[in-house]
Amino acid sequence: MAALARLQARLSGLREEYFRRNRSVDEDRKIEYKAAIKIQSWFRGCRVRAYLRYLNKRVIFIQKWWRGYQSRRYFRRMVETAYFIMKMNFYNEMAVRIQKRWRGYYVRKYIHNYYALKKYLEAISVNNEIVRNELQEYAEMKEKEEKRKDTEKKEKEKQYQARKMHYLLSTEKIAGVYNSPFRKSPDPMELLLRKSKPLSHRQQQMKSPFAYELYDWPTCKRPPTFSTAQPLPPIGRQKPQGPFRDTAEVLQQRYKPLEPTLRVAASINSPLEKAREEMKKEEWRNCIHDNEFLPFSSYHKNEKYDPSIHRSVKYGQETYGITHFREVQPKKWVADKVSHCIF
Amino acid sequence: NSGVLPLLRPLLLDVVPTIQQTAALALGRLANYNDTLAEAVVKGNILPHLVCSLSEQNRFYKKAAAFVLRAVGKHSPQLAQAIVQCGALEMLVICLEDFDPGVKEAASWALGYIARHNSELSQAVVDAGAVPLLVLCIQEPEIALKRIAASTLSDISKHSPELAQTVVDAGAIAHLAQMILNPDAKLKRQVLSALSQIAKHSVDLAELVVEAEIFPVVLTCLKDSDEYVKKNGATLIREIAKHTPELSQLIVNAGGVAAVIDCIGSCRGTVRLPGIMMLGYVAAHSENLSMAVIVSKGIPPLCACLIEEHEDHIKAAAAWALGQVGRHTPEHARAVAVANVLPTLLAMYMDTRSSEDLQMKATLKSILQKCTYLPALEPLLHDAPPNIMKHIVGQFSKVLPHDSKARRLFVTTGGLKKVQEIKAEPGSLLQEYINTINSCYPEEIVR
């Protein structure tokens, strides 16, 4: 009973306590609720941040790797191009050296060949000497000829004079003008007079022709015509003996053209031949080829088979579809192994 | 003047042939003397009578009539045109077909005088069909006829390339080339003149002439005793050489240069001129050819021509030829300078004469720009005018920096002193050259 009393005493305050507790709990609820929320959100945030950090690291790793890869690629390319440029420079240098040598050689040998030019100039000098000598000889020869012509002319003059004045020759009793007794030997003119034949009357009247000068037109002198040779005497034609026929007639008959009759002109078999010719022509026209007729089996006997490109490479052909069509695995075949039904 | 012409005219139509011939001869001699008389003959309407009666007359009349036509046609182109207009060309061509060589000669002489004046008259002569007949005339045995026919062909072909081509097409070149060997001097003159008139127009014609194998026969003409044969031979070679380097090369290989040089050495006066020009043309084509001229000892005769000749145009030609020889490389310029010709050229340049100035200046300039032979340049330092001095000092400034012996010589001969005395505007090319020369020497010497 005491407990009960006690409890009843507490009862009055119970409602208030109960109310107070509920109220406090209510009041704390919000706070606790908010606190719980805060804690949870903080924790969630931590988790997410950790997750993000994790992701970041991974991403950094991937990017690092990728960038490294790209740069290495770029670097490799750069190295390749640098190498290529180095090689090309080297090649260019070498090519320049070759071209230098070649051009020097070519120019010195073919375009400005010093030794060939020197030889050429020497050859020119030699040739010039030869030409000069020959021309000199030619000039001397002409001079000599001129002199010779002059002397000959003078000689002829003298001879002509001597022949004209033949009467000045000395006789046995009377010494001539050129044969003075006080001289040791007679004058050359005297000797000439002795040698020459006196001119006859007719020749004395002729004027001496000067065959070297030629006429000039206004004075109308006759030019000397070169002495024409005597025309040749006619060849002694002896007339043929006997009463022969006239030559013209004979020749005409000999060379008369043939005038055959129609029968002689046409050939013997002519209509028949013509017909035969017609037939032959027609056959020739209609004939397509000259090969003789062969039986069918022998058409392709001699032909060699030309495989196509696909079949003629060494890598061969795909056997699927040619030698086998579907895949077969004979080891798996059961049919011949099984001798009885398995039921 | 005393009224002879109206009296002579009816005598031309006289019955007696001798009177006709003598009347024609008289008319011809009158017209030959003077061109006013020739005009009077034309105005007196005599030519148609002559032309009409030509065809049926004998050869003496034909000769006399052709003589009249020649005498009238030679004075001036207008008179020749009058002759052509009255239809005389056909008659003359008919005369060319005659048998008598005197008639042919007279007719071709008349045609030659007509064709000489200008190219229209030549074309008229060619159109009348004269050229093949003239080529036939050349082949005749009479020397006078050959001469006249060759001279007519030369007169026809000298005006234009087409006329020359017409003459060539008639086959003239072969016959003319054969006649070069003929001993008659006057014939050779005409033949060489005809060939050179043909060859001068174009490369193809020159090659055709060369193909007729005139070399080396033509070189014998250069040694002939007749001056004009030498001159015409040199003219022919010059006309061939001037077209292309290959033709010049051919001439050089045949020894033509030596022959021409000897020819120049042996003649005097205008006869030398074509030879000098030929050397100039050959040397102008290329440096190898010019070296060939030098090697054939071409420079001494050219210098001799320059010094000895009195006439301006020959001196100018000689100077031009020397310029062509010396302008290619320093070797060539040295060869010219060694012959001691530069002072002569300079003296001639400064000797005030208007016509030669340009050639001398160009020659001097072209030789000096390549000359590195200093001993020849030194004497020029003392008298040269400023525009030439520029080149001389320029050459010194190019050579002195590299050659120590030359520097020493330059000082000892007083050249450095002379260079200091030259006044030049600062900044001009001359001043630069002087500075270059001064910088080759140490300061004390320059002072």
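Where in chain B is the place of Pro216(B)? In this predicted model, Pro216(B) lies in the loop that runs between helix H15 (203–211) and H16 of chain B. The peptide bond that leads from Phe215(B) to Pro216(B) is cis, with omega near 0 degrees. The loop between H15 and H16 of chain B is also the place of Glu213(B), a residue that is not a glycine and yet has a positive phi of about 60 degrees.

The interface of the two chains was examined next. On the side of chain B, 32 residues are in contact with 21 residues of chain A. The size of an interface is often given as the accessible area lost when the parts come together. For chain B and chain A the buried area is about 2,300 Å², with carbon and sulfur atoms giving 57% of that value. Between the two chains, six residue pairs are in polar contact, counted where both residues are at pLDDT 80 or more. The side of chain B that touches chain A draws at least two residues from each of several helices of chain B, namely H5 (59–73), H8 (101–116), H11 (143–157), H16 (217–221), H18 (245–253), H19 (256–266) and H21 (287–295). Sorted by class, this side of chain B is made up of 15 nonpolar, seven polar and 10 charged residues.

Side chains of opposite charge can pair when their charged atoms come close. Across the interface of chain B and chain A, one salt bridge is found by the rule applied, and it joins the side chains of Asp262(B) and Arg132(A) at 3.1 Å, N to O. Over all chains, the count by this rule comes to 21 salt bridges. Within chain A, Glu17(A) forms a salt bridge with Arg20(A), and the closest N and O atoms of this pair are 3.1 Å apart. Glu17(A) and Arg20(A) are separated by about one helical turn, because they stand three residues apart in helix H1 (residues 2–111) of chain A.

A search of the whole structure finds one cavity of 30 Å³ or more, and the space in the largest cavity comes to about 40 Å³. By class, the residues that line the largest cavity divide into four nonpolar, one polar and two charged.

Definitions and conventions: Residues numbered from 1 in each chain as written. Chains lettered and ligands numbered in written order. Predicted model: local features only at pLDDT ≥ 70, side-chain atom pairs only at ≥ 80, totals over all residues. Heavy atoms only, no water. Contact = heavy atoms within 4.5 Å. Buried area = accessible area lost by both parts, 1.4 Å probe. Salt bridge = Lys/Arg side-chain N within 4 Å of Asp/Glu carboxyl O. Polar contact = N/O pair within 3.5 Å; in protein donor to acceptor, adjacent residues only side chain to side chain. Helix = DSSP H or I, 4+ residues; strand = E, 2+ residues; numbered from the N terminus. Nonpolar A, V, L, I, M, F, W, Y, C, P; charged D, E, K, R; others polar. 1 Å grid on protein atoms, 1.4 Å probe; cavity = no way out; pocket = protein on both sides within 12 Å on 5 of 7 lines; lining within 4 Å. Points joined across faces, edges and corners; volume = space filled by probe spheres on them.
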